[in-house]
Amino acid sequence: METILVIDDELFMRRLCDDMLALRGFKVLTAENAKEGLARLEKGGVDVVLLDIMMPDLTGIEFLPVIKKTDPSLSVIIMTAYASLETAIEALKKGAYDYIRKPFRPHELYHAVDKAIGRRRVELENKRLLHDLQGKVKELTTLNRVGQFIHSLLDVDRLLEQVVLSIAAVMGVEIVSIMLVENETGEMTIRAATGHPEEIVKTTRQPVGAGIAGWVAEKGEPLLVHDIEKDPRVSKPASDPRYKTKSLLTVPLLGRDGALGVINVNRKSSGETFTEHDLELLTTLSSQTAVALENAALYDRVREFNGALEKKVRQATAELAQQNTDLDRANAALRENYLQTLGSLVATLEARDGHTRNHSERVTRLAALIAAELGFSEAQISALRVAGMLHDLGEIGVPDEILKSGDRLSPEQRLVMESHPEIGARIVEPIPFLQGVREIILQHEERYDGSGYPLRLKGEAILPEARILAVADTYDAMVSRRQYQNTVFSHQDAVAQLQRVAGSQLDPEAVAGLCLLDQGAVEAVYADVVPGSEPPRGLTGVQEPPDVAPAPLQSPQVAAAPAPPSGNGQETIPCRCPNCQAAFRVRAAVIPAGGARIRCPRCGEAIPVRSPLEAPAALPS
């Protein structure tokens with residue numbers, strides 16, 4: 001029922017309007033002047049105003065702006081007995097909806113009022129719809145913001161805390177609690193809450209199926225209780241201050257496999273009861289919360305899985321590292337066995353000719369010194385050492401009559417002799433870790449000018465390691481006694497010969513590398529012994545054939561007692577190898593004061609010997 005306020009100073013007109021409008025079902029209020037009319041308006045509830053223009057204290061035209069200020073949506077109909085065009089225009093400008101002239105007939109009044117009431121209804125409906133729309137937009141915006149926020153949280157406790165606070169803010173409620181089902185007991189406990197005493201939060205346990213929360217969790221359906229006094233599922237007394245509105249909401253948190261728990265909401269801040277709209281809003285929030293809970297649980301499972309996986313990976317990595325270490329050791333042992341076997345072959349070959357005994361070791365040590373002087377890497381020097389020890393391995397396929405021949409070789413014999421690099425390369429070819437060494441062995445007899453063998457390589461086409469090996473091999477051949485040469489060169493003469501053929505037979509850079517070496521370092525390679533306490537000094541000039549093969553100590557030492565000087569004009573020390581029982585002599589002049597370790601010329605066993613200047617006793621092993 002709409003309310004119409006009639007403001008007119010004539011009692012007759014006020015009563016006439018009252019009677020006529022009451023017949024149409026309107027509620028009619030009357031006022032004698034502007035002051036009384038304003039008091040009525042301020043109380044509210046007026047839909048249409050019938051306003052007389054001519055009033056004693058304040059005219060209708062003057063009062064009209066006051067009415068519109070009080071309620072801009074009010075429809076004001078002007079009543080006047082002195083209507084004019086100017087008056088009508090002025091009234092409309094100041095906000096009047098319509099005007100009628102006195103005296104008016106009933107249908108004229110009804111028509112004007114009905115139009116005003118219709119306009120008022122439309123305006124109020126639009127206003128209500130706009131308010132609802134704005135509320136919906138605000139609500140959806142809030143829901144979206146809350147949803148984004150809670151979905152970004154992966155810690156369950158923090159997530160639930162934020163959900164509780166968000167529900168309280170969005171729905172305007174004072175008490176919110178979230179209860180989750182414990183898988184072990186099947187009971188629900190409060191995991192997050194606002195508005196509840198701490199004691200209740202800590203002690204509340206609700207079996208699934210019991211009470212409001214238990215019923216909702218069991219059924220998986222939301223529940224709106226309008227009056228807790230009339231619902232038998234509510235165990236709390238109606239006098240509980242938490243239920244002063246007598247209305248509450250409980251909705252389930254539904255996961256993929258059933259209810260995870262429930263959300264309880266009660267006591268609106270406005271004091272109003274909950275509506276279906278509130279239930280719909282809370283259901284939306286609970287759906288987002290359930291998804292966020294499952295995401296958090298999935299994150300925890302993934303994190304645990306990753307942790308377990310990382311642990312297994314670490315264990316597997318450690319095991320693999322251990323296996324790799326064991327494999328490296330096995331490879332190293334296999335490599336050492338290969339090298340020792342091949343070294344034994346080389347030693348056997350060199351033992352066939354006393355003049356070449358320990359040749360490979362001397363060449364190896366000299367080549368390593370040259371390579372180090374030229375700045376080669378440790379890997380290159382290591383490969384060069386192996387190649388040096390094995391470079392003449394192919395001579396196993398050369399008959400003794402050729403190897404030991406002191407005469408010039410025939411063309412056929414030379415062809416056989418020149419095949420030894422290829423034979424050596426074929427011997428080591430099946431061994432994987434000697435592939436780089438194989439090429440050095442194959443090329444060590446190549447000459448810088450291309451006149452070497454077997455591939456006739458020239459200059460930079462020859463491996464640098466093979467060029468260095470060729471220089472060391474040539475130097476050793478000149479300073480050592482051989483069957484096919486009568487002259488043994490001194491260090492200075494050998495260097496001069498190498499410089500003479502640098503650029504033709506030999507690589508000039510490799511020759512320069514040897515020339516840069518300290519003479520004492522080169523002569524140490526040719527010492528008859530492996531120094532015990534200090535290296536022998538002053539060994540310059542022509543070298544005698546070595547009595548003992550110099551080599552690094554590799555096996556336990558057995559003492560060999562020195563004997564009195566011999567009568568050949570040069571003092572020597574007779575020794576006997578405890579391993580193979582070979583008898584041999586060592587020049588006393590090369591034994592330093594601190595003693596030394598010598599090599600057995602037959603088996604290579606290292607034997608400690610003291611200087612003859614000391615007491616005649618063996619060095620301790």
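Reader: Which residues of α15 does α11 meet?

Author: The model is predicted, and contact here means heavy atoms within 4.5 Å. On the α11 side, the residues are Ala383, Val386, Ala387 and Leu390. By class, this contact has seven nonpolar, no polar and no charged residues. The partners in α15 are Val437, Ile440 and Ile441.

Reader: Are α11 and α15 roughly parallel, roughly antiparallel, roughly perpendicular or oblique to each other?

Author: Helix α11 covers residues 378-390 and helix α15 covers residues 435-443, with axes 9 Å apart. Their packing angle is about 50°, and the crossing is right-handed. Roughly parallel needs an angle under 35 degrees, and roughly perpendicular runs from 65 to 115. The two helices, α11 and α15, are therefore oblique.

Reader: Which helices do the buried residues of α15 pack against?

Author: Buried means under 20% relative accessible area. In α15 this applies to Val437, Arg438, Ile440, Ile441, Leu442 and Gln443. These buried residues of α15 pack against α11, α14 (420-428) and α16 (464-479).

Reader: How are α10 and α11 oriented to each other, roughly parallel or roughly antiparallel?

Author: Helix α10 spans residues 359-373, and its axis comes within 8 Å of that of α11. The axes cross at roughly 160°, in a right-handed crossing. Angles over 145 degrees count as roughly antiparallel. Therefore α10 and α11 are roughly antiparallel.

Reader: How do the residues of the contact of α10 with α11 divide into nonpolar, polar and charged?

Author: From α10 come Ser360, Glu361, Thr364, Ala367, Ala368, Ala371 and Ala372. They meet Ile381, Leu384, Arg385, Gly388 and Met389 in α11. The residues of this contact divide into seven nonpolar, three polar and two charged.

Reader: Why does lysine 268 count as buried?

Author: Lysine 268 lies in strand β11, which covers residues 258-268. The cut-off for buried is under 20% relative accessible area. Lysine 268 counts as buried because its relative accessibility is 9%.

Reader: With which side chain does the side chain of lysine 268 make a polar contact?

Author: A polar contact requires a pair of N or O atoms within 3.5 Å. For the side chain of lysine 268 the distance is 2.6 Å. The partner is the side chain of aspartate 278.

Reader: What share of the residues in the protein chain is buried?

Author: The chain has 19 helices and 16 strands. Among contacts with a separation of 6 or more, 59% join residues 24 or more positions apart. Of the 621 residues in the protein chain, the buried share is 42%.

Technical notes. Residues numbered from 1 in each chain as written. Predicted model: local features only at pLDDT ≥ 70, side-chain atom pairs only at ≥ 80, totals over all residues. Heavy atoms only, no water. Axes fitted to C-alpha atoms, helices over the stretch in contact; angles between N-to-C directions. Helix = DSSP H or I, 4+ residues; strand = E, 2+ residues; numbered from the N terminus. Left-handed = near helix turned anticlockwise from the far one by under 90°. Nonpolar A, V, L, I, M, F, W, Y, C, P; charged D, E, K, R; others polar. Buried < 20%, exposed > 50% of the residue type's maximum accessible area, 1.4 Å probe, protein only. Polar contact = N/O pair within 3.5 Å; in protein donor to acceptor, adjacent residues only side chain to side chain.
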